[in-house]
Amino acid sequence: MAGSIPMAEQAHAQMGVVPNPLQQWNQWQLLDSILPTGGFAHSYGLEAAIQARIVNDQQDLYIYALHVMENTGSLLLPFVYTAALSRDEETWLKLDKMLDAMLTNEVARKASTTQGSALLRIAAAIFIEIPPLKVMREKVIASRTFHFHHAVVFGVVYGLLGFDHVTAQRAYLFMTMRDLVSAATRLNVIGPQGAAVMQHRIGNVAEEVLKKWMDRDVEDACQTMPLLDTVQGCHDYLFSRMFCS
């Protein structure tokens, strides 16, 4: 009907939420697999887990994915949360240094800094209407003390773009799930349709993980699945490999 209000907008109005269409476009772009941040070059240790016979079938993959989501929530969401709320460069630097110390294997550390550096570079190039992104990148490059850890940069970018901290944390979990399921497909553990079904299943659990670990201070960050850390650290020792981590 001409002049009628779409049902989605009516629902938002009833909840007191006024969506920003341009902000939604920004979020979709940040989570789009076409964004060249290098996320699909990493398997979150899945490739090493397959070769170590920890993941042998789709049920193993599902359990492994749940462990990855839990570990991401406990270890990295506190950094996304704090970075998204902060507008202080000193705080960003402190968070980056702290996360660098907490990532206990070189494979995970390198994957984090590679993706974080790419994300900040591409965000500064895309969102030119947010000058602090470019200014921050220039400053941290000049300082030579910033490691560009992905969780910190992700939180900073989402915060500067005006997203709330809950959206930032949920988006980070979604991105982790997306990249892991994509890696599983390319490693031939599961087919494309099966991967889509599994992603939907994981999404239901991921929301519970978000509720459990969101809005925590970085002092509460911890590894809940240390075996994942051990397995990922073995990735560089694989004789043949498809992924960087």
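**Notebook: cysteines, core, cavity and pocket**

I looked up C234 first: at 37% relative accessibility, C234 counts as partly exposed, since buried means under 20% relative accessible area, exposed over 50%, and partly exposed in between (1.4 Å probe, protein chains only). C222 is also partly exposed, at 27% relative accessibility.

Notes on the model. This is a predicted model, where local features need pLDDT of at least 70 and side-chain atom pairs count only at pLDDT 80 or more, while totals for chains, interfaces and linings use all residues. Residues are numbered from 1 along each chain as its sequence is written, and side-chain values use heavy atoms, with hydrogens and water left out.

I searched the whole structure and found zero disulfides. The test was a pair of cysteine sulfur atoms within 2.5 Å.

**Core.** Next I checked the largest nonpolar core. I count as a core a set of buried Ala, Val, Leu, Ile, Met, Phe, Trp, Tyr and Cys residues joined through side-chain atoms within 4.5 Å. The largest one has 74 residues, and L30, L133 and F154 have the most contacts inside it. Helix α10 (residues 165-186) gives the most to this core, with 10 residues. Helices here are DSSP runs (H or I, at least four residues), numbered from the N terminus. I then listed the contacts of L133, taking contact as heavy atoms within 4.5 Å. Leaving aside neighbours within four places in sequence, L133 is in contact with L120, A123, A124, F127, V157 and L160.

**L35.** Is L35 buried or exposed? L35 is buried, with a relative accessible area of 9%. I place L35 in the loop between α2 (21-31) and α3 (46-51). Not counting residues up to four places away in sequence, L35 touches Q29, L30, L119, I122 and I126. L35 and L119 are 84 residues apart in sequence, but 8.5 Å apart in space, C-alpha to C-alpha.

Grid points are joined across faces, edges and corners, and a volume is the space filled by probe spheres set on the points. I found one cavity of 30 Å³ or more. About 380 Å³ of space lies in the largest cavity. Of the 20 residues that line it, Y44, T72, L76, A108 and Q232 are the closest to its centre. Helices α4 (58-75), α7 (106-126), α10 and α12 each supply at least two lining residues. The lining divides into 10 nonpolar, nine polar and one charged. For these classes, Ala, Val, Leu, Ile, Met, Phe, Trp, Tyr, Cys and Pro are nonpolar, Asp, Glu, Lys and Arg are charged, and the others, Gly among them, are polar.

**Q232 and α12.** I found Q232 in helix α12. Q232 is buried, at 12% relative accessible area. Beyond its neighbours within four places in sequence, Q232 is in contact with Y44, G45, N105, V107, A108 and S245. The buried residues of α12 are L228, D229, V231, Q232 and G233, and they pack against α3, α4 and α7.

**Pocket.** A pocket is an open set with protein on both sides within 12 Å along at least five of seven lines. The second largest pocket holds about 160 Å³ of space. I list its lining as H42, E106, V107, K110, A111, T114, D236, C244 and S245.

Terms used:
On a 1 Å grid over the protein atoms alone, a cavity is a set of points where a 1.4 Å probe fits but cannot get out, and a pocket is an open set with protein on both sides within 12 Å along at least five of seven lines; lining residues have an atom within 4 Å of a point.
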